[in-house]
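Please have your viewer open as you read.

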Number of protein chains: 2
Amino acid sequence: MEELCMEIERRSGIKCYERSIENVLSSVLVTSDFWKIVKDSEEVLVLVSDIINVLEEKGYLEETNGKISLTDKGKQLIESMKLYEKTSFECDSCEGRGISIEEHKDLLKEFMRYHEKRPKPIRKYDQGFVTPSTTIARISFMMEKGDLGGKRIIVLGDDDLVSIAAALSGYPKEIAVIEIDSRITDFISKAAKEIGFDIQIHERDLREPLPSELVGRFHTFFTDPPETLKALQLFIGRGITSLIGERCSGYFGLTRVEASLEKWREIQRILLDDFKVVITDIIRSFNKYMNWDYIKETKAWNKSTKWIPEDIWYTSYLYRIETLSGTKSRNERVDEDIYQDVESSTS
Amino acid sequence: MEELCMEIERRSGIKCYERSIENVLSSVLVTSDFWKIVKDSEEVLVLVSDIINVLEEKGYLEETNGKISLTDKGKQLIESMKLYEKTSFECDSCEGRGISIEEHKDLLKEFMRYHEKRPKPIRKYDQGFVTPSTTIARISFMMEKGDLGGKRIIVLGDDDLVSIAAALSGYPKEIAVIEIDSRITDFISKAAKEIGFDIQIHERDLREPLPSELVGRFHTFFTDPPETLKALQLFIGRGITSLIGERCSGYFGLTRVEASLEKWREIQRILLDDFKVVITDIIRSFNKYMNWDYIKETKAWNKSTKWIPEDIWYTSYLYRIETLSGTKSRNERVDEDIYQDVESSTS
């Protein structure tokens, strides 16, 4: 097992634990679908792909017509490891979020009108948007936490159209959006006029420092950055910079598909030691992403069995943080590529 | 507002933010019940009590027959602060946990038989147990995460009888319990015989180092420590000590009722910097506690309006952590009082 781990690690450049292999095998006990294995195993996609390849070469797994299954040798391995199937007890009612959107049914219906007309995601900005019910769950959760009603909120990158849902809800006192893609800023701008809510739209690149009128002005930020350390640090840093001060909140998504637990630990360390905020919530399966059109152009596709995913497979955790006394922000200019690292596969 | 914060802070010895006052006032918009205000505001009970007292003295709140309400002056304050009611969108179906126990209905029924006969909680060990559906949700969540089926699990302090539910589920390969209270070890021991699952029971004080036969032996630990930093550090340190190595997991509960966000930040820093683990999940409202008999002996009672709580009001978040390469454990003897600090109120 140790040798297997080392070989996989060498190939992928990502730390491979015995538990990583176990998580993949437990998923294969339930499904032969590559995308579902990624979802269930909660290991980085690039690593899952290398685990499957190496286990195939060693005769534990086989692939037929893009479907992955155990060989007899693989079944023996599972027997000897005493592995259980990867089971899910995700709540049907709230899709595992612990947040019911029942009271926001009408809001969802209104939001759907915009969702249906929205610009398609493009690869250039690592877009790929969440389901409409995810967006409404975000609104509900922020409302429950006291972060939306009567508050000034800012959305840093808004291909999920959180600002439109927030405007439709009527809860916030003020909404601002920073977004690089003019197709989306145009869309939000038209929607805002239709709704009659003055959403402030700033078409700019987040690598540029926040302009002074956005610094220290908001109660709540929402962002869903690319999953590289640089992007996370940048987007969250800008978010904190935009906040008024103590006991304000920030929300962001973080997946396991493109971020190993090593990267998670590093992000958490940055949150605590560098930004000096506190993490108040980390909720699995909160953000569910629609399958996107440009999947065949991604590294994920090359690493997969090259069968189009049938269900939602890309999910992320929702993080909520709060500022406290001593919290630090960061607003300097960043010039590097923030979209790619060894664990990325969908940008 | 700043003056109010300073006065409250002086009185309680706990950091009071404007947001703390806001959270209490938003709750008063929904309920006049002290215990529900504590639950909804998510501020430390001792602080909530001091906020209410100071706001009463300043004429913003009044108390009649143990019920708290806004005065006209208070209503004006809320108007000027543009405060919204504290709303809850907790999922009815999974009680906000994101975990459905539907598939474990029979397990819950079997567990109820033991729950009904269990020893009552006693104050000496800061007991106070969760609802039976919470215990089954814990089992379901650990199973979903791959931490229970075929695994060696250890429960550090088990007044919630997690070990009995785990044995009834039949999932684990091995179950061990460390518990100081002989009433509980006797109860678990009898239950284990009845169920026919060999639960290893160690009647001991966790302040003593773990004996060598429990060191480096388990895949998963579960614990629900008192909420002081010392106790959390001790219980989690013992838990990590009991684990085999990398990519093993630990679960613990952490409330806001007796732990401020300052304390939360310190605990998270300890997890990341000292123990070098990663936090994978933080789920609000996961653990729901039954009201307990000795409430009138507690500081919480003295700080309250002295009306018996009608509903469940004490909840805690469920934390899950994973060990990674570089994780450190701690097993030295501790002699101090681990039950009390300035934020405690129910021990």
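A salt bridge here is a side-chain nitrogen of Lys or Arg within 4 Å of a carboxyl oxygen of Asp or Glu. With that rule, the count between chain A and chain B is 10 salt bridges. Please keep in mind that this is a predicted model.

**How the two chains meet**

One of the salt bridges pairs A:E144 with B:R284, and their closest N and O atoms are 2.6 Å apart. Polar contacts between chain A and chain B amount to 41 residue pairs, counting pairs with both residues at pLDDT 80 or more. On the side of chain A that touches chain B, the elements giving two or more residues are helix 2 (18–28), helix 7 (132–144), helix 11 (261–274), strand 8 (278–288) and strand 9 (315–322). Helix 11 of chain A gives the most to this side, with 8 residues. Sorted by class, the side of chain A that touches chain B has 20 nonpolar, 18 polar and 26 charged residues.

How many residues does each chain bring to the contact? Chain A brings 64 residues and chain B brings 64 residues. The size of an interface is often given as the accessible area lost when the parts come together. Between chain A and chain B, the buried area is about 5300 Å², and carbon and sulfur atoms give 50% of it. A:R19, A:F89 and A:R247 supply 17% of the area that chain A buries against chain B, more than any other three residues.

How are the copies placed relative to each other?

**Two domains within chain A**

Chain A is divided into domain 1 (2–81) and domain 2 (103–322). The C-alpha centres of these two domains of chain A lie 32 Å apart. In chain A, 18 residues of domain 1 are in contact with 20 residues of domain 2. The area buried between domain 1 and domain 2 of chain A is about 1700 Å², with 61% given by carbon and sulfur atoms. On the domain 1 side, A:W35, A:K39 and A:E42 lose the most area to domain 2 of chain A, together 39% of what that side buries.

The count of salt bridges between domain 1 and domain 2 of chain A is 2. A:E42 also meets A:R256 in a side-chain salt bridge, at 3.9 Å from N to O. Across the interface of these domains of chain A, 9 residue pairs are in polar contact, with both residues at pLDDT 80 or more. Helix 3 (34–41) and helix 4 (45–57) of chain A are the elements that give two or more residues to the side of domain 1 that touches domain 2. That side of domain 1 of chain A has 9 nonpolar, 3 polar and 6 charged residues.

**Salt bridges in view**

Side chains of opposite charge can pair when their charged atoms come close. Over all chains, the structure holds 68 salt bridges. Four of these pairs are set out below.

| Salt-bridge pair | N to O distance |
|---|---|
| A:E144 and B:R284 | 2.6 Å |
| A:D205 and A:R207 | 2.9 Å |
| A:K105 and A:E102 | 3.3 Å |
| A:E42 and A:R256 | 3.9 Å |

**A closer look at one aspartate**

Where in chain A is A:D224 found? A:D224 is in the loop between strand 6 (220–223) and helix 10 (229–242) of chain A. Leaving out residues up to four places away in sequence, A:D224 touches A:R138, A:L156, A:D160, A:G253 and A:Y289. The side chain of A:D224 makes a polar contact of 2.5 Å with that of A:Y289. Another polar contact, of 3.3 Å, joins the side chains of A:D224 and A:R138.

Note on methods: Residues are numbered from 1 along each chain as its sequence is written. Chains are lettered from A and ligands numbered from 1 in the order in which they are written. This is a predicted model: local features need pLDDT of at least 70, side-chain atom pairs count only at pLDDT 80 or more; totals for chains, interfaces and linings use all residues. Side-chain values use heavy atoms; hydrogens and water are left out. Helices (H or I, at least four residues) and strands (E, at least two) are DSSP runs, numbered from the N terminus. A polar contact is a pair of N or O atoms within 3.5 Å; within protein, one must be able to donate a hydrogen and the other to accept it, and residues adjacent in sequence count only if both atoms are side-chain atoms. Contact means heavy atoms within 4.5 Å. Domain bounds come from an automatic or database domain assignment. Buried area is the accessible area (1.4 Å probe) that two parts lose on being put together, summed over both. Ala, Val, Leu, Ile, Met, Phe, Trp, Tyr, Cys and Pro count as nonpolar, Asp, Glu, Lys and Arg as charged, and the others, Gly among them, as polar.
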